[in-house]
Amino acid sequence: MTEARRHLHLSLKTSAALFFGITLAILACGYGYYRAEAERIRHDQYQEIAAIAELKADQIRQWRTARLDAVRRPAESPFFRRAVEAWRRSGWPDAGRAEWRDRLRLELSGGYRDALLLSPRGDVLLAASDQPDPVGPDLRRAVSAAVAGGGALLSDFYRCPQGRVHIDAVAPVRDMAGGVAALLVLRSDASSFLFPLIQRWPIPSKSAESLLVRREGDHVLYLNELRHRSGTELSLRFPLSRTDLPAARAVLGARGLFLGKDYRGVEVVADLRPIPGSPWFLVAKVDADEILAEARYRAGIVSILSLCFILLTAAILAYAYRRRQATLYLDLYRSEREQREAQEEYRTTLYSIGDAVITTDGEGRVRRMNRVAEQLTGWSEAEAAGVPLGEVFHIVNEETRLTVENPVERVLREGQVVGLANHT
């Protein structure tokens with residue numbers, strides 16, 4: 001019976017250990033799968049962001065090239081140069097200004113907001129519009145650079161008096177001797193094409209955004225309007241000490257994948273790259289939460305499946321334990337029944353023997369005695385139960401009348417069968 005209970009206890013411990021082991025294995029496999037899937041999804045998403053950033057950078061480069069080609073083409077045309085030189089030699093008279101304005105207005109067909117003809121000093125000689133914006137410091141710097149360098153270039157972004165962001169393509173118009181007679185300026189409204197091009201994301205996304213930045217002293221300046229914050233074009237800036245900011249890291253020279261926090265303080269995955277031939281840098285980014293949304297969804301599925309496997313394991317082990325328990329209890333019942341039958345057989349044999357029989361426990365205390373023993377000793381079985389044998393079975397030498405050693409004590413001491421001595 002004790003052995004059966006021990007087996008039951010061991011079976012319970014084994015089942016519990018097996019359950020915890022399988023549970024840990026399932027959890028470890030589930031977590032490993034989630035980590036692998038999250039890394040794969042992050043890698044795939046970054047490749048997608050990088051491809052979009054590369055596309056946008058190339059589109060912006062093409063936009064710049066198209067603006068420079070558009071202003072360079074008429075400025076380098078021999079007919080345009082001769083006409084400007086002739087007009088300059090005549091002192092820029094009012095005669096013919098209407099024809100010149102019509103000529104400049106032809107350039108507006110390329111989507112430009114205005115076209116201007118400036119003197120080498122940066123004064124407005126003529127404009128396609130009736131009320132051109134005044135020449136600001138950004139355009140004057142571009143004019144000086146074009147005169148000094150002799151080639152077409154783009155000015156920095158600047159805000160006009162009406163609050164719109166402009167960028168000018170400037171090209172020198174040389175006379176036939178090679179000197180700068182005037183400068184042709186094609187003015188673009190950045191919000192009409194360039195900024196929408198930057199902001200547009202080719203695939204559906206709740207947080208994806210691309211932005212254009214440049215360095216301004218020890219700050220990074222955001223050039224375009226942002227998706228998640230309005231009124232930011234040419235006004236939002238952060239110190240370059242914000243090294244967790246993708247825009248700051250971009251102007252400091254970082255390239256490719258970058259994990260950081262954007263201007264909102266939100267964790268993002270970004271791609272950083274410069275715009276060739278310009279002081280601009282492109283940052284394409286997506287919120288990390290959006291990128292990992294699929295991974296979290298899969299983590300939920302994995303968690304549910306893991307829980308199901310754990311519950312299934314628990315059910316199987318519980319069923320196996322119950323079966324084992326039932327088997328052990330059945331064996332225990334059979335063992336006890338066999339013991340009872342054996343004891344009953346033993347009692348029957350004991351009480352049917354014609355000689356006096358007394359049994360004791362390991363300490364020599366009476367356990368059973370048959371009727372013959374009761375008659376010889378004068379003790380009933382009920383009275384003698386638990387009493388030391390020496391008190392019940394009192395034996396002496398018939399000659400000396402001295403008490404003889406209890407034979408049970410010799411048996412327990414020597415471990416051998418002993419008999420009573422003669423004359424006992």
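Predicted model: local features only at pLDDT ≥ 70, side-chain atom pairs only at ≥ 80, totals over all residues.

Helices (H or I, at least four residues) and strands (E, at least two) are DSSP runs, numbered from the N terminus. Residues are numbered from 1 along each chain as its sequence is written, and side-chain values use heavy atoms, with hydrogens and water left out.

**Overall form**
- Along the principal axes, the C-alpha atoms fill a box of roughly 170 × 35 × 30 Å.
- Of the 424 residues, 39% are buried, where buried means under 20% relative accessible area, exposed over 50% and partly exposed in between, with a 1.4 Å probe and protein chains only.

**Nonpolar cores**
- A nonpolar core is a set of buried Ala, Val, Leu, Ile, Met, Phe, Trp, Tyr and Cys residues joined through side-chain atoms within 4.5 Å; the largest one has 55 residues, of which I60, F157, L194, L212 and W280 touch the most other members.
- Helix α1 (residues 2–75) supplies the largest share of this core, 13 residues.
- Apart from this core lies another, of 20 residues, including Y222, L245, F258 and V283.
- Beyond its neighbours within four places in sequence, F157 has contacts (heavy atoms within 4.5 Å) with residues including D138, H166, L194, L212 and W280.

**The six-stranded sheet**
- Six strands form an open sheet in the order β9-β8-β7-β12-β11-β10, with antiparallel pairing, two strands being paired if DSSP finds at least two bridges between them.
- β9 (237–239) and β10 (256–261) are the edge strands, each with a single partner strand, so one side of each has no neighbour in the sheet.
- β10 pairs with β11 (residues 267–274) in the antiparallel sense over six bridges, and K261 stands opposite E267 in β11.

**Cysteines**
- The structure holds zero disulfides, a disulfide being a pair of cysteine sulfur atoms within 2.5 Å.
- C160 counts as buried at 6% relative accessibility, whereas C308 is partly exposed, with a relative accessible area of 45%.
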